[in-house]
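The sequence and the structure are shown first.

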Amino acid sequence: MALFSGVITMARKANNPTLVMLVQQIKAECWQHSRDPAFADLLEQAHAANCLPKGDPTRVDALRRSAAAISEYLVARLEADGRELDDAHGILHGDDTQPGWDDATGSMVERPKFLHLHLLLKFKGREASAAVEKLAQLLGVEVQYLEWDKSRGGAPVEVCGKKISQQHDNGLAYLTHVKFTDKFQYPPEQVASARGLDYKQVSRERHAAWLKGRAHIKTKRAKLEFEVFREMVLQGEVTRDQIMLTDELFDVYSRHQREIDDALSAYGQRRAYRAAAKLRAGEFSTHVVYVHGDAGIGKTRFATDLITAAIKAANGQGVRWQAYRAATGNPLDDWRGEEVILLDDLRASAMDANDWLLLLDPYNASPAKARYKNKGEVAPRLIVITATIEPVEFFFYARQKGNVDEALDQFIRRLASVVEVFRADDINRYLVQHIGKIDPYEWHPCGLPAAAHTPGVNGNSYHQHVAPPRELTYGPETSVVHDAVSAVVELLTGLAARSPDVPLSLVAGGAA
């Protein structure tokens, strides 16, 4: 029995890590030790040091002293339990940021990370250490906040006359991020040496070697992160815009361009087919908004504001929507399933009349023409069209292309809302009209010598000429003049009614 007991004890000691990195935020709720008033006070002091102005010359020393006090407290807890340390170095990271994508603005933004501690611990041996669960308990954190060396290889490195492992050297370098150009570079003076080697001396000796390791780290990270990156693309967590605007993502993309492009294409197809299935199931219907007004009046700005608000409203409900701005020629060539389509100043002749009818159909998903490869099914949530002419005139020209026999009504009834942008008293105003079935009226094509004037869909005059008039039964059911903000809110309310599976109405109503 004693023999087996000894074997078990040896096996347990073999699992004791000798090199451990603790990473934890400076929040009371993250530490079991915060029940000790002395430790809670140390956390408050750390926040006070981090709140000093970044240009203040005393800030680095204040952060080092706080890191030293917290590190000493934690090391003392380990040593009180019989653990023995060769080295212990701690640093408070208060200047780190992380890139985050803002769907509303369509750009990357830098968000600050919360103040956190890195504490690198080197034990004298496995007998002087303990199992990670025990170490976590002594340090007052959950096990997932400990990282430890699981490797056995690597030639030793001589530092300050002492041989240490390559993994220990890497850990020391990471404290200041010297090998990682995409991270904030901390000064060596900010690192607190609680036990063992003096960090400033280590940094002076190893700095040149650490700089040489940057290129190797960059290449290795790109290789290791590729599969994770590719999976994120396939899950829709990374978009092409994010890739092109983020240095770290673009670095991986540049080494695996074909594979990432294939993943982007595959995700776009899947997103499009999923949307089409939802459309067929009646979970939503496409909301089409037509914005018109004189050149330079601000149609594109208003359309962009509407799209930004819609994407933000969806994001607020945990649903990621993205926007696609079509080119003036072959407008759907680069569409990859984005939920919002902007057709900005597109001519009616950009697509055949039948293609317009299929694209704008609120209840049916249909294939769409593209130059190189047709799109399987197109079922966007929101389509915004901007033009200098009114919708009846716009679709009159579209109808002329392709000799389509469909009545002009078939185009107009696909619109949910029409917005006219105009100026009154030097202020932009927005006439929002919701389209529905109305009493029949005549519309006369314009552009030829006039014989009479007849009111159009928005009350404007159109020329009657020798071409036969068109009888229309779809037009504005309601007409209300708004400012830009209230116009967007009203249109979002309509979008919410068309997408009941995403509760946008709360955001549209200003409650969120």
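## Pairing of strands

Two strands are said to pair if DSSP finds at least two bridges between them. The model described here is a predicted one. In it, strand β1, residues 19-25, runs antiparallel to β6 and is joined to β6 by three bridges. Met 21, in turn, stands opposite Glu 147 in β6.

Strand β1 also runs antiparallel to β5, and seven bridges join the two. Here Leu 19 has Lys 122 of β5 as its bridge partner. Strand β1 is mostly covered, with five of its seven residues buried.

## The sheet as a whole

The pairings above belong to an open sheet of five strands, arranged in the order β6-β1-β5-β2-β9 with antiparallel pairing. Strands β6 (146-148) and β9 (192-195) stand at the edges; each has a single partner strand, so one side of each is left without a neighbour in the sheet. On average, neighbouring strands of this sheet are turned by 20° against each other, direction ignored.

In general, strands of a sheet pair through backbone hydrogen bonds, in either a parallel or an antiparallel manner.

## A helix on the sheet

Helix α4, which spans residues 132-139, packs on the sheet.

## Packing of the two helices

Helix α4 also packs with helix α3, which covers residues 59-80. The angle between α3 and α4 is about 130°, and their axes lie 9 Å apart. How are α3 and α4 oriented to each other? An angle over 145 degrees would count as roughly antiparallel and one of 65 to 115 as roughly perpendicular; α3 and α4 are therefore oblique to each other. The crossing in which α3 passes α4 is right-handed.

On the side of α3, the contact is made by Leu 74, Arg 77 and Leu 78. Helix α4 contributes Leu 135, Leu 138 and Leu 139. Of the residues in this contact, five are nonpolar, one is charged and none is polar.

Note on methods:
Residues numbered from 1 in each chain as written. Predicted model: local features only at pLDDT ≥ 70, side-chain atom pairs only at ≥ 80, totals over all residues. Heavy atoms only, no water. Helix = DSSP H or I, 4+ residues; strand = E, 2+ residues; numbered from the N terminus. Axes fitted to C-alpha atoms, helices over the stretch in contact; angles between N-to-C directions. Contact = heavy atoms within 4.5 Å. Parallel < 35°, antiparallel > 145°, perpendicular 65-115°, else oblique. Left-handed = near helix turned anticlockwise from the far one by under 90°. Nonpolar A, V, L, I, M, F, W, Y, C, P; charged D, E, K, R; others polar. Buried < 20%, exposed > 50% of the residue type's maximum accessible area, 1.4 Å probe, protein only.
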